[in-house]
Amino acid sequence: MSDEVTYDTAAEAEVMMGEARSDVADAPTPAAPVDGMGCHAGADKMEEAARAAGKSEVLDQYAKDYPQGPHDKPQSMCPAFGSMRVGMRMRRVATVMSGSACCVYGLTFVTHFYGARRSVGYVPFNSESLVTGRLFEDIRDAVHELADPDRYDAVVVTNLCVPTASGVPLKLLPSEINGVRVVGIDVPGFGVPTHAEAKDVLAGAMLNYARAEIEAGPVAAPVGGKSDRPTVSLLGEMFPADPMIIGQMLAPLGLAAGPVVPCREWRELYAALDSQVVAAIHPFYTAAVREFEAAGRKVVGSAPVGRDGTMSWLANIGDAYGVSAEKIAAAQNMFLPAIDGALSGAPIKGTITLSGYEGSELLVARLLIESGADVPYVGTACAKTPWSADDAAWLEAKGVKVKFRASLEDDCAAMEAVKPDLAIGTTPVVQKAKELGIPGLYFTNLISARPLMGPAGAGSLAEVVNAAIGNKSRMDHMRAFFEGVGAGDTAGVWEGTPNVREDFRAVQEKKLAKQERARKAAEMI
């Protein structure tokens, strides 16, 4: 009797076996295919290949705009998500991606998760089309097919890591087809450190295109018409209520809030460039700032956050526009009492470590401190820029350790050393905090998704922060409940003692140490 367990009669199906054909000559052995630079090559090799393929100018500009400093690039999601988000949020703008299928799949998933609900164009490739140049022709054909002026104002084409490393020349695409603008950008993971800065890559490219259109002749006016007051363009994605709040604070100065960059439609770019003053609410938009400065615009850093931030920001904006000291003082006196009231009415008590990769971490830290919290450490994945200097100086004067280009290890080390009442950070930081029994809040979804500016922002964080700090007893109860189930590779419920192979661990540690020595040696060559 057979011991095989079957569930249907599929195993009884007759299998027809073919016979070898003797009348066919041996086929010649095909030549080994020429492989394009693949994702597996590593950042250093891919950057080397990209430079050899003619992308040095792009990578040098990225290195200047987004300096990484002495440490490796911070850990974050694929940077192209940032630029993709900017394009997908714009009306009448089509998005085309060129990269490995797995990368594009992940990016489209994340984009739709964030509510884009729009299709993403994808131009596939293989080793042959990559190295023969056929991929560029396929991209060009796709852009021509998409360029319908009845549907789109612009088509954005993005090279991910592999096409960038292989030198796919998007700058050779036509600048416009049938009146539809074509914007090509490279957003490789080995050249753009964070998704926040990738937003700047596309925002800067669009501003550059729009500035050239303005210089060439008349352009479309804003849908709502031009403001009857001088405007201040706002640089950085914000909570939807924040631009309206900023507009209310600008009104006593005789000013109005201009468009928010990244914009939601193309003609807003013209209106943004028309503003004489730009507020760099988020300080990492270096490419966008370059375009504004090329247009002769003044750029003011920081933001109207908390009492001190609002007072200095209104003064700096007023000075940039030549507003009288009396008007500036009147605007300050109009809003500062309301901010003081909101801060005193919603105090925050506790020690908090703060980290993230959105670029607004320093602003949130200022607001927490003015609300009464003790914030000994702030880490941001973005680089230090001239427009974050005021915020960094204010925090450091309060005794805060500010870490630019902070890594996950930096953020976790600070949290473990401080042992705060609350850790605000990225997902892995929050996960590590909860493992230690420390309450945690995810920065992107729970902190940056709230108004931060002016009176409305002053009391916006207290409820969620105080509630999280109050969960300490629940965290202690959970740790006690799961005590003894192990951690790491011994986590879980075991019938016996986990079979830990220290010899395997030792061998693996030696391999990693050898790889690290080889990497350091290669850097010194």
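1. C78 is partly exposed, with a relative accessible area of 36%, where buried means under 20%, exposed over 50% and partly exposed in between (1.4 Å probe, protein chains only). This is a predicted model, in which local features need pLDDT of at least 70 and side-chain atom pairs count only at pLDDT 80 or more, while totals for chains, interfaces and linings use all residues. Residues are numbered from 1 along each chain as its sequence is written, and side-chain values use heavy atoms, with hydrogens and water left out.

2. With a disulfide taken as a pair of cysteine sulfur atoms within 2.5 Å, the count comes to 0 disulfides. C78 is in no disulfide, since the nearest cysteine sulfur, that of C103, is 6.3 Å away. For C263, the closest cysteine sulfur is that of C382, and at 19 Å it is too far for a bond; C263 itself counts as buried, at 3% relative accessibility.

3. Helix 12 covers residues 306–321, helices being DSSP runs of H or I with at least four residues, numbered from the N terminus. The buried residues of helix 12 include W313, L314 and I317. Seen down the axis of helix 12, its buried residues fall within an arc of 155°, so they line one face of the helix, the arc being that of the directions from the helix axis to the C-beta atoms. Just after helix 12, G322 takes a positive phi of about 70°.

4. F482 lies in the loop between helix 21 (472–481) and helix 22 (502–524), and is partly exposed, with a relative accessible area of 47%.

Key:
Helices (H or I, at least four residues) and strands (E, at least two) are DSSP runs, numbered from the N terminus. The expected span of a helix is 1.5 Å times one less than its number of residues.
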